[in-house]
Amino acid sequence: MSFMSPGSVVWFEIGTADPKAVQDFYGPVLGWSFEVDPDSSVDGRTYTRVIAPGAPWPMGAIQQGDTGGEVINLSMLSADVAADVDKLTALGAQVVVPATAVGEVTVFARLKDPRGNTFSLFSRGSSEDLAERAQATEEHMEASAFRPQPGSMAWFEIGTADPQTTMEFYSGAFGWRFEKDETAGGKPYFSIFTGGDWPAGGLWDHSSGTGGDYMMPSILVTDVPATAAAATDAGARVEHGPESNPDGLVFARLCDPHGNHFGLFSQPTHTS
């Protein structure tokens, strides 16, 4: 299956009443740049693309207003948003924003899973005028998924105090597969396969009281402690870490100034 198959996590959105505050935090900390998307900015509310350092295409967006509060959420590709909303509500999801057309750009919806984590669905647009740009964006997303660069979303993580409910929901919703991660240093951690041969994210079982419920993008960086320190200087709070796995992967979980979770991680350093 392709990275851009329905059910894949391919985007993230930051919903906020104050897009400038979001840019002022994430821009200096992670090197992100931003540009307003005129096609998706409607009713006086801006939709601002989020671009990783050196990337030619966006990996997410800041959505102003009417988002269900200050929230950061993952977005899954859908072949039919309205049908998926019906399917997911039958599985226990709650609708925050119903299936909504944004011109010819896309149809999207925002929901909460049975544990209260917010996520979005979106479909490919129907506009022929935007088809070339959409294809280029998808090609970049797929390439970035296999060769991520610092500053880009290269993983996602779900934390939950009820792993059984969470796994059952996402397995039923999108066909995700969960496998125990034996490289996580004894943590109750599961790799999440969203359709490909390699995991795209992970689930951390917090049922023993090690944390609460969240769903977050994780950003690849070159130095987790230094980036976490810069984030705290800018108003974030470190909730966990920095910590290392036995293989040398370093990770941390933070809350931004609005209380939204995001992760940082760096790849193991292999020496000969």
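In the predicted model, a network of salt bridges links Glu35, Asp37 and Arg49. Across the whole structure, the search returns eight salt bridges.

One of the pairs joins residues from separate loops. The side chains of Arg115 and Asp213 form a salt bridge with an N to O distance of 3.0 Å. Arg115 belongs to the loop between β7 (106–112) and β8 (118–122), and Asp213 to the loop between β12 (201–205) and β13 (214–220), so the pair ties together parts that are 98 residues apart in sequence. Arg115 is partly exposed, at a relative accessible area of 32%, and Asp213 is likewise partly exposed, at 24%. A further salt bridge connects the side chains of Arg237 and Glu239 (3.9 Å, N to O); Arg237 is partly exposed at 47% relative accessibility, as is Glu239 at 32%.

Within helix α1, Lys20 and Asp24 lie four residues apart, about one turn of the helix, and their side chains meet in a salt bridge (2.7 Å, N to O). Lys20 is exposed, with a relative accessible area of 55%, whereas Asp24 is partly exposed at 45%.

Helix α1 (residues 19–30) also packs against helix α5 (residues 224–233), with the axes 9 Å apart and at an angle of about 155°. Angles over 145 degrees count as roughly antiparallel, and α1 and α5 are therefore roughly antiparallel to each other. The crossing of α1 past α5 is right-handed. At the contact, Phe25, Val29 and Leu30 of α1 meet Thr227, Ala230 and Ala231 of α5. The residues of this contact comprise five nonpolar, one polar and no charged.

Definitions and conventions: Residues are numbered from 1 along each chain as its sequence is written. This is a predicted model: local features need pLDDT of at least 70, side-chain atom pairs count only at pLDDT 80 or more; totals for chains, interfaces and linings use all residues. Side-chain values use heavy atoms; hydrogens and water are left out. Axes are lines fitted to C-alpha atoms, for helices over the stretch in contact, and angles run from 0 to 180 degrees between N-to-C directions. Helices (H or I, at least four residues) and strands (E, at least two) are DSSP runs, numbered from the N terminus. Angles under 35 degrees count as roughly parallel, over 145 as roughly antiparallel, 65 to 115 as roughly perpendicular and the rest as oblique. A crossing is left-handed if the near helix is turned anticlockwise from the far one by less than a right angle, and right-handed if clockwise. Contact means heavy atoms within 4.5 Å. Ala, Val, Leu, Ile, Met, Phe, Trp, Tyr, Cys and Pro count as nonpolar, Asp, Glu, Lys and Arg as charged, and the others, Gly among them, as polar. A salt bridge is a side-chain nitrogen of Lys or Arg within 4 Å of a carboxyl oxygen of Asp or Glu. Buried means under 20% relative accessible area, exposed over 50%, partly exposed in between (1.4 Å probe, protein chains only).
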